[in-house]
Amino acid sequence: MASPAISFGALVTLKELTSTSPHFKEGASLRVTGKLQDYNVETAIAIINDGAATLQVDTQHLKINFRISSIYQFIGELHIDSPEEAVLKARVGRNVDGIDLNLYYQSLKLLQEFQSDQIRKQDA
């Protein structure tokens, strides 16, 4: 019997990841990027932020040396604790210091526009 395929991580900004977002659902596979605000070694919980938006990331399966204020990207599944709070259970994580976040977010916006256009063309 074939095992279920691992879903790719949908590119989402922390600012977009609100309770009204279509990505804010139990088990959603996401890729998020943010600055490390805090890390608890005992619980392996990292808190990343992008401006005022924050997200808790469970890093127990990763082997990364975390540095506060560095920028990290994680891919994992979202687990919702309450309507306003979620934890991303990371299966992949990497340090992306040196990334130009403004350029990254501009390219992400263009990608989302392109994907929306493709969906509209298919529906027409």
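The model is predicted, and local features need pLDDT of at least 70, side-chain atom pairs count only at pLDDT 80 or more, and totals for chains, interfaces and linings use all residues. Residues are numbered from 1 along each chain as its sequence is written, and side-chain values use heavy atoms, with hydrogens and water left out.

We begin with the core. Its definition is a set of buried Ala, Val, Leu, Ile, Met, Phe, Trp, Tyr and Cys residues joined through side-chain atoms within 4.5 Å. Buried stands for under 20% relative accessible area, exposed for over 50%, and partly exposed for what lies in between, with a 1.4 Å probe and protein chains only. The largest nonpolar core has 22 residues, and those with the most contacts inside it are Leu30, Val32, Ile48, Leu55, Val57, Phe74 and Leu78. At least two residues of this core come from each of β2, β3 (45-50), β4 (53-58), β5 (71-82) and β6 (85-95). Strands here are DSSP runs of E with at least two residues, helices are runs of H or I with at least four residues, and both are numbered from the N terminus.

Not counting residues up to four places away in sequence, Leu78 touches Leu17, His23, Phe24, Lys25, Glu26, Gly27, Ala28, Leu30, Leu55, Ala86, Val87 and Leu88. Of these, Lys25 is placed in the loop between β1 (10-11) and β2 (29-40). With neighbours within four places in sequence left aside, Lys25 is in contact with Leu78 and Ile80. The C-alpha atoms of Lys25 and Leu110 are 24 Å apart in space, and the two residues are 85 apart in sequence.

Next come the charged pairs. A salt bridge is counted where a side-chain nitrogen of Lys or Arg is within 4 Å of a carboxyl oxygen of Asp or Glu, and the count comes to 4. One of them joins Lys89 to Asp58, with the closest N and O atoms 3.7 Å apart. This pair links distant parts of the chain, with Lys89 in strand β6 and Asp58 in strand β4, 31 residues apart. Lys89 counts as partly exposed because its relative accessibility is 38%, whereas Asp58, at 10%, counts as buried.

Another salt bridge is formed by the side chains of Arg67 and Asp97, at 3.0 Å from N to O. Here too distant parts of the chain are linked: Arg67 is in the loop between β4 and β5, and Asp97 is in the loop between β6 and α1 (101-123), 30 residues apart. Arg67 has a relative accessible area of 49% and is therefore partly exposed; Asp97, at 36%, is partly exposed.

The side chains of Glu77 and Arg91 also meet in a salt bridge, with an N to O distance of 2.9 Å. Glu77 lies in strand β5 and Arg91 in strand β6, so this pair ties together parts 14 residues apart in sequence. Glu77 is partly exposed at 21%, and Arg91 is partly exposed at 31%.

Aromatic pairs are the next topic. Rings of Phe, Tyr and Trp (its six-membered ring) pair if their centres lie within 6.5 Å; planes under 30 degrees apart are called stacked, over 60 edge-to-face, and the rest tilted. There are 5 aromatic pairs by this rule. The rings of Phe66 and Phe74 have centres 6.4 Å apart and planes at 35 degrees, so this pair is tilted. Phe66 and Phe74 are both buried. One aromatic cluster is formed by Tyr39, Phe66, Tyr72 and Phe74.

Most residues other than glycine have a negative phi. Ala44, not a glycine, has a positive phi of about 60 degrees. Ala44 is in the loop between β2 and β3 and is buried, with a relative accessible area of 10%. Ser69, also not a glycine, has a positive phi of about 75 degrees. Ser69 lies in the loop between β4 and β5 and is partly exposed at 47%.

The helix α1 comes last. The expected span of a helix is 1.5 Å times one less than its number of residues. For the 23 residues of α1 this gives 33 Å, which agrees with the 33 Å between its end C-alpha atoms. Tyr104, Tyr105 and Leu108 are the buried residues of α1, and they pack against β1, β2, β3 and β5.

Definitions and conventions
Contact = heavy atoms within 4.5 Å.
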